[in-house]
Amino acid sequence: MSDCIFCRIVRGEIPCGKIYEDEDVLAFKDIHPQAPVHFLIIPKRHFTSLADALPADAPLLGHMLALAPRLAADLGCAEGFRTIVNTGRVGGQEVYHLHLHVLGGETPLPAMLKY
Ligand code: 5GP
Ligand code: ZN
């Protein structure tokens, strides 16, 4: 996906505040943080949304999820954090390359949804 913004970040065409990288995933700071700590974990290969996940993707999704507490702890979220995956129009997804939000800080986060 040549014009996908997160694919461009993976290719190094757009700078990002990189936190972690391995063969399969990249983690970087969200450009518009919604909490004192706010970073994203993304698969390196283009993956449109969680709605496209297949059973075969479980290891990749598990890898992303299992990384969240490790990276959050490294950034000082020792007492908890929130993970979010916005999916599709109703889920409020803005960037159509799967990403796991990880949010935290020193004080409790506000209520999850204001409906
Ligand atoms: P979504 O609403 O799709 O779940 O969240 C997309 C997130 O990506 C938003 O929180 C937004 O701030 C972040 N974002 C969008 N473009 C960029 C970018 O170019 N760099 C970084 N670091 N984050 C971005
Ligand atoms: Zn992409």
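Is His-46 buried, exposed or partly exposed? His-46 is partly exposed, at a relative accessible area of 21%, where buried means under 20%, exposed over 50% and partly exposed in between (1.4 Å probe, protein chains only).

The model is predicted, so that local features need pLDDT of at least 70 and side-chain atom pairs count only at pLDDT 80 or more, while totals for chains, interfaces and linings use all residues. Residues are numbered from 1 along each chain as its sequence is written, ligands are numbered from 1 in the order in which they are written, and side-chain values use heavy atoms, without hydrogens and water.

**View 1. The site of the zinc ion (ligand 2).** Cys-4 (SG), Cys-7 (SG), His-46 (ND1) and His-97 (ND1) coordinate the zinc ion at 2.1 to 2.3 Å, donors being N, O and S atoms within 2.8 Å of the metal (3.2 Å for Na, K and Ca). The angles among the 4 donor atoms are 105 to 117°, and the site is tetrahedral (four donors, all angles between 85 and 135 degrees).

**View 2. Cys-7 and His-46.** Cys-7 lies in helix α1 (residues 5-10) and His-46 in the loop between β3 (37-43) and α2 (58-74), 39 residues apart; helices are DSSP runs (H or I, at least four residues), as are strands (E, at least two). Cys-7 is buried, at 6% relative accessibility.

**View 3. Helix α2 and its kink.** A kink of about 30° lies at Ala-68, shortly before Pro-69, the bend being the angle between axes fitted to the seven residues ending there and the seven starting there. Among the buried residues of α2 are Leu-60, Met-64 and Leu-67.

Conventions:
Four donors count as tetrahedral if all angles lie between 85 and 135 degrees; four count as square planar and six as octahedral if opposite donors are over 155 degrees apart and all others between 65 and 115; anything else is irregular.
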